[in-house]
Amino acid sequence: MCRNLIYSKRKKLLFLNLINKKLHFKTQKTMATPKQIAHQNLGIKEGNKIILSCDGGGMRGILTIQLLKKLESIAGSPCYQWCDMVAGTSTGGIIAGLILKKKNAKEIEDLYVKLVSRVFTRRNFLANRYYNPPAYDKENYRNLLKDLIGNSTLEEVCTETGLDCLITSKDLAAGEETFFTCVNNTEGYIGTYKSVLLRGVMEATMSAPTYFSPFERFTDGGTTTYNNPVMAAVLEALEYTGKDKYRDDELTVFSLGTGTSLKFLAANKTQNPKGIDALFWLNYVMSETGKDASEMQIDTLRSGLIKDLDLRRYQISFDKETMMKLPKESIAHIPSLRADLLSELDDEVLANIDMDDVTMFPLMISIGNAMVNFICPPNEAKLPIKQQKGNWFRSDFVNEKKRGILVSAKGDPQTIKNNLSSISWIDKQPTA
């Protein structure tokens, strides 16, 4: 009797142990990785690789970080755990560099404020972008980079995170753009500059002319057409160092803008713009060149030339029309603006948000927060994914015409056609 009881208990224990082992094995087998969870939460096709691309834009990069914080929140983990490549130019290169150092979006925000606040340190009392450039001294920025980044190479940080990278800079001596890349392909990590120091790249990419002195032969990566590095990143992945690793039909690209100040100039004001002509046109060309190049890249990627590419672009125009579209956002805590809500700001204020004006950090954060609430309506947060009507970073942020939902367009085709079809109108236009 006693033996049978002991035998029965042993059988029961063995049976329970077997069940526990099976359950443990099943749990291990079905436990999703951060990458798998991110794919599911963001509606990304299984097996797709992910590129995160961040535009340049000076202190306006703080807006990008608001988008990145929400993106990580939805994904369920920091982007370095589920992205495959990060790309950046200028301020976007700073963000990319911090991602390569395994910083999450909240940590990046804290560090970014320190870095950018210190980089815009006046060289001296007489320093000026136009009459006595450069306006700022990078010494504080360089010292802080030493502390934060150390002397890690691109290959070392990419190996540690498992990420590929592309950061841009303009090479004045060669007269061409330089792409600092490091990609883990079939031959291991490859890239002409994989052995260079990350902190050196992070200084090269942000040395904007007139704001800062060149970094020897290098100046800001956004000086010409690569302020938005998304096209360079896609080409690098599909055609160059990542060719055997990335496929166009298995690629999701998040492209985050820094906001754009549209320089609208009334047709009757073009002959006599406000202020000194030379300074007006210098600023105009510097800002509009990068904006137009960015829009052309996005239009190309949206056109279907790269079949099945899953592009998700997020950008906003700084103008009253766009601010009126956003959810109500208080800016009463920014007394210098003399407005209580974003929608109360006029076009003149919004068009003159300087890239080096760090006192506008609070405004950029407010615009970023309002943009996030537009993309991800708070009243949908607890709804099942299928019932959410907002974008929620799950598709390209465009309208039916494939234009950015929060990017203004103010063309006037009918007036142009009428004027350029009129002999008298053409002949009476000033020639000097």
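These are my notebook entries on what I looked up in one predicted model.

**Entry 1: cysteines**

How many disulfides does a search of the whole structure find? The search finds zero. I then looked at Cys79, which is in no disulfide. The nearest cysteine sulfur to that of Cys79 belongs to Cys83 and is 4.8 Å away. Cys79 counts as buried, because its relative accessibility is 0%.

I went on to Cys165. Which cysteine has the sulfur closest to that of Cys165? It is Cys158, at 3.8 Å. A disulfide needs the two sulfur atoms within 2.5 Å, so the sulfurs of Cys165 and Cys158 are too far apart for a bond. Cys165 also has 0% relative accessibility and counts as buried.

**Entry 2: aromatic rings**

Next I looked up ring pairs. The count comes to eleven aromatic pairs. I noted one cluster, in which ring pairs link Tyr314, Phe374, Phe393 and Phe397.

I also looked for a charge placed over a ring. Which residue has its charged end over the ring of Tyr211? It is Arg129, and the distance from its charged end to the centre of the Tyr211 ring is 4.0 Å.

**Entry 3: helices α4 and α5**

I compared two helices by their axes. Helix α4 covers residues 91-100 and helix α5 covers residues 105-119. Their axes come within 11 Å and cross at roughly 135°. The crossing in which α4 passes α5 is right-handed.

**Entry 4: helix α9**

Is helix α9 enclosed or exposed? It runs over residues 230-239, and eight of its ten residues are buried, so α9 is largely enclosed by the rest of the structure. I wrote down the buried ones: Val230, Met231, Ala232, Ala233, Val234, Glu236, Ala237 and Leu238.

Ala204 lies in helix α8, residues 198-204. Its relative accessibility is 1%, so Ala204 counts as buried. Ala204 and Arg217 are 13 residues apart along the chain, and their C-alpha atoms are separated by 8.7 Å.

Leu145 is in helix α6, which covers residues 139-149. It too is buried, with 1% relative accessibility. I looked up its distance to Gly200, which is 55 residues away along the chain. From C-alpha to C-alpha, Leu145 and Gly200 are separated by 9.0 Å.

**Entry 5: backbone exceptions**

I ended with the backbone. Most residues other than glycine have a negative phi, and most peptide bonds are trans. I looked for places that depart from this.

Where does a cis peptide bond occur? I found one from Pro133 to Pro134, with omega near 0°. Pro134 sits in the loop between β3 (121-122) and β4 (136-137).

For phi, I noted two residues. Asp308 is not a glycine, yet its phi is positive, at about 70°. I placed Asp308 in the loop between α10 (277-302) and β10 (310-314). Is Asp308 buried or exposed? It counts as exposed, because its relative accessibility is 52% and the cut-off for exposed is over 50%.

Lys402 is not a glycine either, and its phi is positive, at about 65°. Lys402 belongs to the loop between α13 (361-375) and α14 (413-420). With a relative accessible area of 48%, Lys402 is partly exposed.

Conventions: Residues are numbered from 1 along each chain as its sequence is written. This is a predicted model: local features need pLDDT of at least 70, side-chain atom pairs count only at pLDDT 80 or more; totals for chains, interfaces and linings use all residues. Side-chain values use heavy atoms; hydrogens and water are left out. Buried means under 20% relative accessible area, exposed over 50%, partly exposed in between (1.4 Å probe, protein chains only). Rings of Phe, Tyr and Trp (its six-membered ring) pair if their centres lie within 6.5 Å; planes under 30 degrees apart count as stacked, over 60 as edge-to-face and the rest as tilted. A charge sits over a ring if NZ of Lys or CZ of Arg is within 6 Å of the ring centre and within 35 degrees of the ring normal. Axes are lines fitted to C-alpha atoms, for helices over the stretch in contact, and angles run from 0 to 180 degrees between N-to-C directions. Helices (H or I, at least four residues) and strands (E, at least two) are DSSP runs, numbered from the N terminus. A crossing is left-handed if the near helix is turned anticlockwise from the far one by less than a right angle, and right-handed if clockwise.
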